[in-house]
Amino acid sequence: VSNVYEKQSMIVTTNLEFGRWDEVFGDERLTTALLDRVVHHAHILTFTGKSYRFQQAMARKNKNKEE
């Protein structure tokens with residue numbers, strides 16, 4: 001992140017809210033610095049509802065039950 005900060009575009013996708021990122025990176029100060037850079041010029045898109053992949057998986061599961 002530091003290497004591309006304010007030099008290149010970056011896309012980050014996650015289903016984990018920012019408040020839980022320290023669980024992944026293991027260090028609260030490091031995570032805060034990372035998030036500071038990631039969100040500085042960010043366009044944050046939040047999606048709600050069931051995921052397309054989840055819906056497909058459930059449809060396959062139900063189809064297999066019927067067979």
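Student: How far apart are the end C-alpha atoms of residues 2-57?
Tutor: Welcome to a predicted model, in which local features need pLDDT of at least 70, side-chain atom pairs count only at pLDDT 80 or more, and totals for chains, interfaces and linings use all residues. Residues are numbered from 1 along each chain as its sequence is written, and side-chain values use heavy atoms, leaving out hydrogens and water. The span 2-57 is 41% helix and 0% strand (DSSP runs numbered from the N terminus: helices are H or I, at least four residues, and strands are E, at least two). Between the end C-alpha atoms of this span, the distance is 37 Å.

Student: What does UniProt list for residues 2-57?
Tutor: The name comes from an unreviewed UniProt entry. UniProt positions follow the numbering used here, with feature names shortened, and annotations may be inferred rather than shown by experiment. For residues 2-57, the record gives "domain: IstB-like ATP-binding".

Student: Is Thr-31 buried or exposed?
Tutor: Thr-31 sits in helix α2, and it touches Trp-21, Asp-22 and Phe-25, leaving out residues up to four places away in sequence (contact means heavy atoms within 4.5 Å). The classes are buried under 20% relative accessible area, exposed over 50% and partly exposed in between, with a 1.4 Å probe and protein chains only. Because its relative accessibility is 4%, Thr-31 counts as buried.

Student: Why does Glu-23 count as exposed?
Tutor: Glu-23 is part of helix α1. Its C-alpha atom is separated by 23 Å from that of His-43, 20 residues apart along the chain. Glu-23 counts as exposed because its relative accessible area is 53%.

Student: What phi does Glu-6 have?
Tutor: Glu-6 is in the segment before α1 (21-25), and with 56% relative accessibility it is exposed. Apart from residues up to four places away in sequence, Glu-6 touches His-40 and His-41. Most residues other than glycine have a negative phi. Glu-6 is not a glycine, yet its phi is positive, about 60°.

Student: How many nonpolar residues does the lining of the largest pocket have?
Tutor: A pocket is an open set of points on a 1 Å grid over the protein atoms alone, where a 1.4 Å probe fits, with protein on both sides within 12 Å along at least five of seven lines, and lining residues have an atom within 4 Å of a point. The largest one holds about 1100 Å³ of space (grid points are joined across faces, edges and corners, and the volume is what probe spheres on the points fill), and among its 31 lining residues Val-12, Thr-13, Thr-14, Ile-44 and Leu-45 are the closest to its centre. Asp, Glu, Lys and Arg count as charged, Ala, Val, Leu, Ile, Met, Phe, Trp, Tyr, Cys and Pro as nonpolar, and the others, Gly among them, as polar. By class, the lining has five charged residues, 11 polar ones and, for nonpolar residues, 15.
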